[in-house]
Amino acid sequence: MLRADPRVGDLLTARDGAAALRQVDRALAAGRPIDAVFLDIRMPGLDGVVLGRLLAQFARPPRIVYVTAYENHAVDAFEIKAVDYLLKPVRPERLAEAIRRVAEPSPAAAGQDAVAGTGSAAAGHEPEPNPEPVPVELAGVTTFVSAAEVWYVEAQGDYARLHTASGSHLVRIPLAALEERWRGAGFVRVHRSHLVALQHIDQLRIESGRCSVQVGGIELPVSRRHTRELRDRLVRNARRTP
């Protein structure tokens with residue numbers, strides 16, 4: 001139905017939330033931002049509400065349209081600022097209205113573009129400094145881990161392992177999503193496999209042209225492509241600290 005609408009260009013599909021997040025991440029890495037995500041609610045692993053909240057944390061978030069059989073998540077959609085909420089079975093005329101809403105320019109984004117010239121990313125916009133805690137499932141009990149508790153994050157496929165003072169927690173959130181979500185909370189990517197909290201870096205070492213950081217007694221490598229950004233962030237962070 002989306003392909004039949006002339007207003008829709010490239011269309012990507014994913015079978016679950018984690019795969020959708022990877023699609024968005026790959027598109028951004030290739031310089032092709034996603035304009036809109038038509039998103040189901042109930043999906044295995046990363047459900048539509050959690051995924052919507054993750055996407056909303058991006059510097060330039062895609063517009064979200066929920067397509068679901070469940071009416072009871074409309075409040076969640078409103079909080080995420082979804083542009084529309086379609087109930088299944090989807091009628092063609094209702095989908096056409098959702099596409100019209102997606103295609104309309106956002107007043108907030110237009111204002112940012114007019115001032116900055118290239119949008120919020122160029123203006124130095126960052127996510128909220130206090131992002132929502134991450135739910136962690138352990139033995140049937142859900143607990144919540146805040147960004148402030150995390151020393152560093154380690155990528156493990158489609159999952160990420162959160163390392164804290166009390167131990168580690170495996171969550172089904174890709175590292176790239178946490179990087180976007182926690183950038184404003186003082187986290188920086190140091191390697192394709194590691195995201196580190198600046199406040200927990202004890203040492204920065206450069207030996208034989210190789211850079212590494214010491215975090216909680218653990219030494220983590222810093223790739224060459226991330227070394228300059230890490231040093232710049234550390235300097236800025238030191239200047240802000242009394």
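Q: How many salt bridges does a search of the whole structure find?
A: The search finds eleven salt bridges. The cut-off is a side-chain nitrogen of Lys or Arg within 4 Å of a carboxyl oxygen of Asp or Glu.

Q: What should I know about the source?
A: This is a predicted model, where local features need pLDDT of at least 70 and side-chain atom pairs count only at pLDDT 80 or more, while totals for chains, interfaces and linings use all residues. Residues are numbered from 1 along each chain as its sequence is written, and side-chain values use heavy atoms, with hydrogens and water left out.

Q: OK. What does Asp5 pair with?
A: Asp5 bridges to Arg7, with the closest N and O atoms 2.8 Å apart.

Q: Is Asp5 buried or exposed?
A: Asp5 counts as buried, at 12% relative accessibility. Buried means under 20% relative accessible area, exposed over 50%, and partly exposed in between, with a 1.4 Å probe and protein chains only. Arg7 is partly exposed at 45%.

Q: Which residues are linked in a network?
A: Asp84, Arg94, Glu97, Arg100, Arg101 and Glu104 are linked by salt bridges. Within it, Arg101 and Glu97 have their closest N and O atoms 3.1 Å apart.

Q: How are Arg101 and Glu97 placed in helix H4?
A: They sit four residues apart in H4 (residues 92–103), so about one helical turn separates them. Helices (H or I, at least four residues) and strands (E, at least two) are DSSP runs, numbered from the N terminus. Arg101 is partly exposed at 31%, and Glu97 is partly exposed at 24%.

Q: And Arg205?
A: Arg205 pairs with Glu219, the closest N and O atoms being 3.8 Å apart. Arg205 lies in strand S11 (residues 201–207) and Glu219 in strand S13 (residues 218–222), so the pair ties together parts 14 residues apart in sequence.

Q: Switching to the sheet. What is the strand order?
A: The order is S8-S7-S6-S10-S9, in an open sheet of five strands with antiparallel pairing. Two strands pair if DSSP finds at least two bridges between them.

Q: Which strands stand at the edges?
A: S8 (167–171) and S9 (187–191) do; each has a single partner strand, so one side of each lacks a neighbour in the sheet.

Q: How many bridges join S6 and S7?
A: S6 (residues 150–156) and S7 (residues 159–164) pair over six bridges, in the antiparallel sense. Val153 stands opposite Leu162 in S7.
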